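Q: Could you walk me through one part of this model in close detail? I'd like to see how its pieces pair and pack.

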Amino acid sequence: MSIPTNLKYSKSHEWVKPEADGTVTVGITHHAQELLGDMVFIELPEVGKTLKQKEECAVAESVKAAADVYSPISGEVIAVNSPLADEPGKINEDAYSSWLFKMKPSNPAEIDALLDAAAYTALVESEDH
Amino acid sequence: MLKMTPLNQTHRDMNAKMVDFGGWDMPLHYGSQLDEHHKVRQDAGMFDVSHMLPVDIKGDNVRDFLRRLVANNVDKLTLPGKALYSCMLTPQGGIIDDLIIYFLSETWFRIVVNAGTADKDVAWMMKQRDALAPNLEITPRRDLAMVAVQGPNARAKVWQVITGSQPATEELKLFQSAVVDSYFIARTGYTGEDGFEIILPASDAPAFWKALHAVGVAPAGLGARDTLRLEAGMNLYGQDMDETKNPLESGLAWTVDLKSERDFIGKQALLDTNVTQQLVGLVLIDRGVLRGHQQVVGEQGGVEYTGEITSGGFSPTMNQSIALARVPTQIASNDEVSVVVRDKKLRAKVVKYPFVRNGKVMV
């Protein structure tokens with residue numbers, strides 16, 4: 001599956017979508033769900049929580065293992081995708097439409113410093129070898 | 001260099017996700033572990049279990065040797081083809097391995113042992129043989145492959161594929177086997193469903209696998225095998241038990257014969273032991289997933305206790321998390337315990353396993 005070029009990526013396999021209003025939407029990548037296998041449980045952060053970049057903020061569990069989700073940037077959680085918690089398998093179907101939470105960034109410069117699609121593709125390829 | 005079964009290339013041709021499983025290159029799944037799990041519960045799936053090792057023991061009085069070697073009583077094996085599940089113990093009562101013994105004749109028994117313990121098992125058997133019955137011949141059969149076909153429709157699918165197998169095997173009860181040409185067919189398994197485990201020449205395995213696939217048997221990987229056996233409440237060696245644990249604290253007292261006069265290796269240690277731990281089933285009440293090594297905590301009569309999950313995971317059939325846990329013997333069914341999951345304590349209910357048998361939830 002191709003890696004969307006309109007998103008930014010963290011080294012820990014979260015995707016970040018910068019929205020027009022300055023907020024961002026966060027999920028885990030197709031590569032991450034592929035490594036984990038069938039998803040069976042998602043624990044989302046609380047709305048209103050302030051996160052630091054790289055802080056553990058959610059848990060994605062598959063049939064195989066539990067994986068921490070790290071906040072790709074610093075900011076405040078302004079919304080979570082609650083319906084996803086009832087259907088974690090949606091992440092396996094389409095990781096890039098199955099968002100976990102939305103944030104209001106406290107330091108927008110962190111977004112620019114994230115990986116772009118080309119750099120993230122290179123990261124995934126290096127991990128595959 | 002990873003060890004490969006005769007079906008390695010066949011798995012790759014079917015787009016299996018391969019993993020290192022105790023030194024063996026094995027299929028984890030062929031796309032979706034959940035789909036494979038449901039296929040076995042509802043229809044028929046097949047597993048390559050050729051990493052496990054059949055060991056043939058031949059000669060005069062094999063039975064006498066096995067009376068000493070294993071904890072269950074091989075005198076229960078009266079009909080040729082009959083199988084028996086047993087532990088093989090250290091003199092201290094620790095579990096060297098759990099295995100299935102097939103009685104073929106008084107001069108030929110076949111024992112199927114786990115992959116990870118195969119080398120030490122064979123070495124132990126040979127050491128005991130040298131001391132007790134040097135005339136016996138012990139032969140590891142790496143020339144054979146093993147395929148488990150499991151599910152409510154598994155037997156019928158096998159009958160479609162192996163000519164002449166239906167009349168020879170349809171009357172078999174659980175834990176009985178028959179030989180049909182070069183196929184050794186046993187009504188056993190590790191899923192809690194009906195089905196066969198079939199031992200056959202390694203060179204025939206790829207064609208057999210493809211023939212089963214052609215009649216609608218779904219390939220299933222180690223991932224589904226683990227969730228199926230956990231739902232079925234079957235122990236996994238190395239997780240739920242090992243040499244530091246005895247069968248009495250591993251939910252396997254039913255496999256140990258302490259009543260007969262027979263003296264087996266480990267018997268005295270078991271008679272002397274004070275059993276303080278037991279294996280119980282847990283069903284998670286809160287949301288989350290139980291995993292191996294998580295701590296179980298609680299309080300009873302003002303005394304705090306701890307235990308540990310030995311195997312845990314998500315039950316696809318029950319759509320919630322279940323586990324096997326080793327806890328103090330005073331914990332009883334329907335008790336509520338807490339399990340430490342990351343920074344939280346989640347509530348779980350103690351149950352008698354199996355959780356699922358023949359497609360039905362039992363707890």
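A: Chain A holds an open sheet of three strands in the order E4-E6-E7, paired antiparallel (strands are DSSP runs of E with at least two residues, helices runs of H or I with at least four, both numbered from the N terminus; pairing takes at least two DSSP bridges). The model is predicted, with local features needing pLDDT of at least 70 and side-chain atom pairs pLDDT 80 or more, while totals for chains, interfaces and linings use all residues. Residues count from 1 along each chain as written, with chains lettered from A and ligands numbered from 1 in written order.

At the edges of the sheet lie E4 (39-43) and E7 (66-70) of chain A, each pairing on one side only. Ignoring direction, neighbouring strands are turned by 25° against each other on average (axes are fitted to C-alpha atoms, for helices over the stretch in contact; angles run from 0 to 180 degrees between N-to-C directions). Strand E6 of chain A, residues 56-62, runs antiparallel to E4(A) and is joined to it by four bridges. Across from A:Met39 you will find A:Ser62 of E6(A).

Now over to chain B, where helix H3 (residues 62-69) packs against helix H4 (residues 118-132) at about 120°, their axes 11 Å apart. From H3(B), B:Phe65, B:Arg68 and B:Leu69 meet B:Met125, B:Gln128, B:Arg129 and B:Leu132 of H4(B) (contact means backbone-placed C-beta atoms within 7 Å).

Notes. Contact = placed C-beta atoms within 7 Å.
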